[in-house]
Number of protein chains: 2
Amino acid sequence: MEKKTRSDCPISCSLDVFGDKWSLLIIRDVMLRGKLSYSEFLTSEEKIASNILVNRLNVLEEENILIKEVSATNKSKFVYSLTQKGADLLPIVIEIMDWGAKYNEQCPRRDLGKQIKKDKAGVIKELSQALKKKVK
Amino acid sequence: MEKKTRSDCPISCSLDVFGDKWSLLIIRDVMLRGKLSYSEFLTSEEKIASNILVNRLNVLEEENILIKEVSATNKSKFVYSLTQKGADLLPIVIEIMDWGAKYNEQCPRRDLGKQIKKDKAGVIKELSQALKKKVK
DNA sequence: AAATAGCTCTTGCATTTTGCAATAACTTTG
DNA sequence: CAAAGTTATTGCAAAATGCAAGAGCTATTT
């Protein structure tokens with residue numbers, strides 16, 4: 001499997017991995033919403049198509065951002081969790097949320113948004129701690 | 001021009017605007033590399049196609065992230081600069097660069113990358129100051 | 001063991017976006 | 001006027017996306 005990177009710029013390389021409209025929403029679901037499985041991702045409000053979802057999950061797994069395991073409670077089900085590499089996307093996700101909450105009037109500054117405005121570093125620290133326990 | 005947002009999640013809304021493989025590279029060129037014009041963006045190492053570039057510049061202008069003005073030195077040339085909204089993308093760009101430098105071995109941790117590792121907050125602060133003078 | 005239900009993944013097809021090459025339209029420069 | 005520089009457009013092929021249907025697998029129920 002050869003990778004086609006457009007350049008050796010770290011930003012460009014990162015965007016080669018998750019620079020699309022869906023990957024970071026899946027990461028968000030795992031990271032901030034406790035979603036774990038294909039069926040949960042599929043029912044998120046943005047309504048990702050099933051073939052796109054499978055494709056992105058596979059890419060994120062190949063890139064070692066997500067890990068796929070058989071569910072402990074239901075052996076016909078898979079659960080996805082973040083690797084350390086995936087958990088380290090948290091600051092990116094937070095900054096994107098912060099910017100979006102600030103500049104998109106259609107997207108009310110809810111929940112985390114308000115909290116981030118007050119204390120971004122605190123929120124990141126707190127969520128990092130929480131993730132640390134879940135990282136595979 | 002109606003906007004089609006997939007949801008009212010700030011992350012989703014943000015990705016609706018710049019969630020593609022090119023927009024943030026243009027932002028990077030303006031923000032970190034002092035590039036100003038169509039022709040400069042066109043010659044970046046990632047080799048964006050001219051039609052994509054025109055499309056993204058138009059979107060970024062419509063979104064009030066970039067401002068397009070006639071060059072002072074060459075009246076047949078346009079120069080782009082960041083608005084405050086565009087300059088506020090700096091933390092996102094920095095975090096993406098940081099992650100990319102950490103996890104992509106093909107993308108050597110150069111220049112800013114090393115500096116960010118040592119003192120991310122300092123780098124952001126310094127670049128913010130520099131941008132503040134240039135924002136339109 | 002057969003039927004049912006839940007979950008993941010695949011397929012086919014239409015639509016949209018992207019990539020690439022050529023070039024048009026315009027302005028400044030010599 | 002000619003040449004060079006700059007931005008934008010067009011046509012066509014390739015790739016990605018959206019949507020609908022359903023196949024394959026496992027666990028549960030009867």
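Analyst: Helices (H or I, at least four residues) and strands (E, at least two) are DSSP runs, numbered from the N terminus. This is a predicted model, in which local features need pLDDT of at least 70 and side-chain atom pairs count only at pLDDT 80 or more, while totals for chains, interfaces and linings use all residues. Residues are numbered from 1 along each chain as written, chains are lettered from A and ligands numbered from 1 in the order written, and side-chain values use heavy atoms without hydrogens and water.

User: Which element gives the most to the surface near DNA strand C?

Analyst: At least two residues each come from α3 (38-42), α4 (50-62) and β2 (78-82) of chain A and from α4 (50-62) of chain B. The element that gives the most, with four residues, is α4(B).

User: How far from a base oxygen of DNA strand C is an N or O atom in the side chain of S50(A)?

Analyst: A polar contact here is a pair of N or O atoms within 3.5 Å. For the side chain of S50(A) and a base oxygen, the distance is 2.9 Å.

User: Are α2(A) and α1(B) roughly parallel or roughly antiparallel?

Analyst: Angles run from 0 to 180 degrees between N-to-C directions, with axes fitted to C-alpha atoms over the stretch in contact; under 35 degrees counts as roughly parallel and over 145 as roughly antiparallel. Helix α2 (residues 23-32) of chain A and helix α1 (residues 10-18) of chain B pack at about 165°, with axes 10 Å apart. Therefore α2(A) and α1(B) are roughly antiparallel.

Key. Polar contact = N/O pair within 3.5 Å; in protein donor to acceptor, adjacent residues only side chain to side chain. Parallel < 35°, antiparallel > 145°, perpendicular 65-115°, else oblique.
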